Amino acid sequence: MIAQQLVNGLMLGGIYVLVAVSFTLFFGCLNFLNFSVPALFMLGGFLTWAGVAAGLPWPAAVLLALTVAALASLLVERLTWRLQRGGPPLIPLVSSLGFLILFENLVLVRWGSDARAIPSPFGDANWRIGELVIGLPQLFGLILSIGLVFGLQALLKRSKLGRGIRSLAENAETATMLGVEVDRVAPRLFLLAGLFCALAGVLFSLSYQLVSPYMGDQVALKGLSAMVLGGMGNIWGAVIGGLVIGLVEIFAVGALSADHVNVVVFGILLLSLIIRPTGLFGDPALGQQKL
Amino acid sequence: MSGYSAAILTLLAINIIAAYAAWLPLAAGQVNLGTAGFMAIGAYSSAVLSNEFEWSLPMAIAAGAVCAGGFAMAIGGPVLRTRGLYLALATLAFNEVVRGILINLDVVGGAAGYPVIGHLGLVPIAACAAGIFLLALWLGASRLGMNLHAIEQDETVTALFGVHVPFTQLAAFTIGGAMAGLAGGLYGHHFSFIEGQHFNVLLSVTIVLSVVLGGTQTVWGPAIGAAFFTLLPEIFRGAAAWRYVLFAAAVILVMAIRPQGLVTRADLMRLRRAVRLA
């Protein structure tokens, strides 16, 4: 039973990992707490459903959802970050919340607020080892998300874009003086981070087979907590934070009830912040600035 | 006055009080994303006092505000040691913990919500909002307000000038918590029903953002921001399902045009000069 919960927790955690990494990219590199992340997650998951419901084959629906979410992320870059960078960091936060309300309500206007069931493309694909049941879509999601983080790590380390992003994270002013073009690097970062959380939405809808216009809100709160727990700006911290939050959530459901999940998850977050105000693996300087 | 406009004005009055609750710590640069949690504490404690112990409404609501302020003071000690985003998230976590506990507390109805017997109309609630506004005006011009503004500008230099920074921040956080508790108590006794779900993080975030949109530099900002966030969706009501789409577009547009908020200190000075000339 404990092994089963461990498996379920890690698989749920895999989704939080992608959302936490997305938050970390925005916050660690641009000092931007992007509140449109829940909406990008929702667009990924919900539009996959909408595409399938409209008769598209699965891969096409996923591709469509990812494309729309990527465009939405670029729109946020253009209308929020580009206009308001350099000012107080609270300002882009308000504007990105505007985008959260905008995207959620656009979906609401078109498809209504009901939660929709989405059929699994894999049927009832489970892998059984003795008593243990492992859902194959979930397993695929977990492996994919860890693989993507490795890919991101390599990209940040090796490529020119990665060096640009890391120099921006270090010091935006110096990076600009050294010839990093912020206006070229930032859109790519938005594209990358937007795709990460949209993909998390796709994986969530495939694994749990339920979508709604508000599906991003709770998941994003957990992803945000995962980022903080791991320490901000640290991608591997976000991975561990995501997995820990997933495990805590599943064990809290098992030991208490589904209603107690938030008390336990956020109680742990509150306590860990009080005991160690810079997260588990974070750069102590990050996140301390004025918000 | 029609019932509809009275209902909107009451909501506006409550939102204005909540906005000042979030504004006080924000004036010192501290983002409190737990405002809805303090509102919930005020709403539930005042409702229990007026329902079960039959306290008079003013006494119960005042006690609810004191209770929320007490919680703010108790949690403020450890939480205010964190800064920036960590503080925002610690208060956000506090909000979720409070909400989670209330939803599981069967004495006050749990997830089904809690009916409140006593009822307050527009007039007393508007009077409270006016009182809070005057209090904010006074606080803004007081030594506390100046110290908060100085901390927002530069914490280290403020401390060098002999201001006790942690105490000042805790004072702002506590008074803000009490104001939020007042807003919550008024909310419960006006709508006659409270449930944990209402006081969620999104409410806290929206309150803080309405203050930022109005402008944090002056005492007028929070009231203007609360009015924007309360009235604009009503103005767009004719657009039916599209109203929040239009509202969100308006928020994005305003922040693109006026990133410092709707009311800034420079605006007020210009206004004062114009009045003097005229």
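How many helices and strands make up the secondary structure of chain B? In this predicted model, chain B contains 12 helices and 2 strands. Along the sequence, the elements run α-α-α-α-β-α-α-α-α-β-α-α-α-α. The radius of gyration of chain B is 19 Å, close to the 19 Å given by the globule rule for 278 residues, so chain B is as compact as a globular protein of that length. Its C-alpha atoms fill a box of roughly 55 × 45 × 30 Å along the principal axes.

Contacts in chain B were then examined by sequence separation. Among those with a separation of 6 or more, 78% join residues 24 or more positions apart. Of the 278 residues of chain B, 55% count as buried.

The surface of chain B was considered next. Chain B carries 12 positive and 10 negative side chains. The centres of these two sets lie 17 Å apart.

The largest nonpolar core holds 187 residues. The residues with the most contacts inside this core are A:Val21 and A:Met227 from chain A, together with B:Tyr20, B:Phe38, B:Ile194, B:Phe199 and B:Phe228 from chain B. Helix 8 of chain A, residues 182-208, provides the largest share of the core, with 15 residues. A:Val21 illustrates the packing. Leaving aside residues up to four places away in sequence, A:Val21 touches A:Val149, A:Leu152, A:Phe196, A:Ile235 and A:Ala238.

Technical notes:
Residues numbered from 1 in each chain as written. Chains lettered and ligands numbered in written order. Predicted model: local features only at pLDDT ≥ 70, side-chain atom pairs only at ≥ 80, totals over all residues. Heavy atoms only, no water. Core = buried A, V, L, I, M, F, W, Y, C linked by side-chain atoms within 4.5 Å. Buried < 20%, exposed > 50% of the residue type's maximum accessible area, 1.4 Å probe, protein only. Helix = DSSP H or I, 4+ residues; strand = E, 2+ residues; numbered from the N terminus. Contact = heavy atoms within 4.5 Å. Rg over C-alpha atoms; globule rule 2.2 N^0.38 Å. Lys, Arg positive; Asp, Glu negative; His and termini not counted. Charge placed at Lys NZ, Arg CZ, Asp CG, Glu CD.
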